[in-house]
Amino acid sequence: MIVRFWGAKGSLPSSMNSENVRGRIKSALELALAKGLSDVGEIDAFIDKKLPFGLRGTYGTNTPCVEIRDGDDVILCDAGTGLRDFGNHALKSRDGKPDHYHILMSHFHWDHMQGFPFFAPGLIPGNRITIYSCHEGAAEAFAIQHSAPFFPIDFKDLRAEVAFVRLYPGETREISGFQITPKSQVHPGISYGYRLQKGGKSVVYSTDSEHRGDKAAQDFITFFDGADFLIFDAQYTLADAWTAKMDWGHSSNLIGVELAQKAGVKHLCLFHSDPVSTDETLDKVLADTKRLALLMDEGGPLEVSVAYDGLVVELSQISGGKMEIDISKENEAVLVTVKGRMDAVTSPDFQENLEGLVANGERRIVVDCQGLEYISSAGLRSILIISKSLKNEQGELALFGLNDMVREVFEISGFSTVIPIHESRDGALGGKA
Ligand SMILES: [Zn+2]
Ligand SMILES: [Zn+2]
């Protein structure tokens, strides 16, 4: 199953202006000077490895539209401006062959339906579009959006066959091969979240949803229970959501982490970003939220991302819980090679192996992290325990080969100042940086 974001901004489309673009170019050039970039051949590696995502890319412009696909079965969540890009992509990839499109509507605020008039498959005979909603009056809302003086093509003049289907909170229905359950959410005029399940995988789409820290939280923990992927409205900071923007119907990253951890969600994806948030701000929101996930660690590991136009997440890649360990002797040191994920499931095995080495008198242990895809606070805890017991024996635990994400976790958790991290294998084995 894959989840693909065509639009992730809230409220209205938000694009960059010339001043923003100039600022980005300036920041990138400053970084290039600071890092000593001098060879044209190194430009791609510099962009990919040294520039933060918010500078080398962008969190995008479009308003909500998310594609959830399993083989040929596809569900679209909301019809914001991202739907236009999805429609053009679908026409191209199907080579003009007609299709049946299924769209779940959270509610009818502009940002969730303004892409529909520009959804090209709607203008082509042979296509079918079914729009699902728990609200009454869906057909009227769409007809009004297409009517004069708002739009030149009347809804009844669309060439595709469009149908409306009413759904009800708590009632599960099969749509395009997915089992889909809606839930009502606190938002001006009410919005609905959807839980989608298929083939043992589950995705929850929960946008435009205010959480007030009250008893209703338990209903959401049940709704999110064990989801592989949670798309969560995190438009504001918690302080804003509970003060100046109270009752505006949105939530925050902190509540997202708390509910996701209590529900045992595997991957939390922050969504419906505030249009005033710059790419730089959203980079910081991502880093802060990863740190919150470590600080508040109540359950298993929680992966965190911020949605952007074009983000594709393959759910089979995030099921986790697998790690391979290989141990070999290298002169005075023991080399431990780890591959996969070091989390609450796998780190006890890692810790036990390394405790065995310390008990056998090994005093210098080097961990090759080149194959380490992910580390949670449980993994950090195991590393700290081994590091401490080696220090007690005048020994040392050293690491090398951390990928960007793992390195970031070490940095934001402060572990990079506690555990020696080396750039190279030789450096780590020799004890030099
Ligand atoms: Zn919205
Ligand atoms: Zn709304």
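Q: What makes the group around Phe224, Leu230, Ile231 and Leu268 a nonpolar core?
A: These four have the most contacts inside the largest nonpolar core, which has 69 residues. The term means buried Ala, Val, Leu, Ile, Met, Phe, Trp, Tyr and Cys residues joined through C-beta atoms within 7 Å. Buried means 20 or more other C-beta atoms within 10 Å of the residue's own, exposed means 12 or fewer, and partly exposed lies in between, with C-beta atoms placed from the backbone. This is a predicted model, where local features need pLDDT of at least 70 and side-chain atom pairs count only at pLDDT 80 or more, while totals for chains, interfaces and linings use all residues. Residues are numbered from 1 along each chain as its sequence is written, and chains are lettered from A and ligands numbered from 1 in the order in which they are written.

Q: Which residues does Phe224 touch?
A: Leaving out residues up to four places away in sequence, Phe224 touches Val204, Leu230, Leu259, Ala260, Ala263 and Val265. Contact here means C-beta atoms, placed from the backbone, within 7 Å. A second, separate core has 28 residues, including Val338, Leu354, Leu397 and Ala428.

Q: How do you know where the domains are?
A: Their bounds come from an automatic or database domain assignment. That gives domain 1 (2–10 + 59–317), domain 2 (18–56) and domain 3 (320–430). Over C-alpha atoms, the centres of domain 1 and domain 3 are separated by 39 Å. Nine residues from domain 1 and ten residues from domain 3 make the contact. On the domain 1 side, helix H9 (residues 279–295) gives the most, with four residues.

Q: What makes S6 and S14 edge strands?
A: The open sheet has seven strands, ordered S6-S5-S4-S3-S2-S1-S14, with mixed pairing. Strands are DSSP runs of E with at least two residues, helices are runs of H or I with at least four, and both are numbered from the N terminus. A pair needs at least two bridges found by DSSP. Strand S6 (161–166) and strand S14 (312–314) each have a single partner strand, so one side of each has no neighbour in the sheet.

Q: What makes S9 and S10 a pair, and how do they run?
A: Five bridges join strand S9 (residues 191–198) to strand S10 (residues 201–206), and the strands run antiparallel. Gln197 has Ser202 as its bridge partner in S10. Both strands belong to an open sheet with the order S7-S8-S9-S10-S11-S12-S13. Its edges are strand S7 (173–175) and strand S13 (303–306), each pairing on one side only.

Q: Why is Gly414 called exposed?
A: Gly414 has 11 other C-beta atoms within 10 Å, so it falls in the exposed class. It lies in the loop between helix H12 (404–412) and strand S19 (421–422). Its C-alpha atom is 14 Å from that of Gly379, 35 residues apart along the chain.

Q: Why is Phe46 called partly exposed?
A: Phe46 has 17 C-beta neighbours inside 10 Å, so it counts as partly exposed. Its place is in helix H2 (residues 43–50). Residues up to four places away in sequence aside, Phe46 touches Ala32, Lys35 and Leu37. The C-alpha atoms of Phe46 and Ala32 are separated by 7.8 Å.

Notes:
Two residues are in contact if their C-beta atoms, placed from the backbone, lie within 7 Å.
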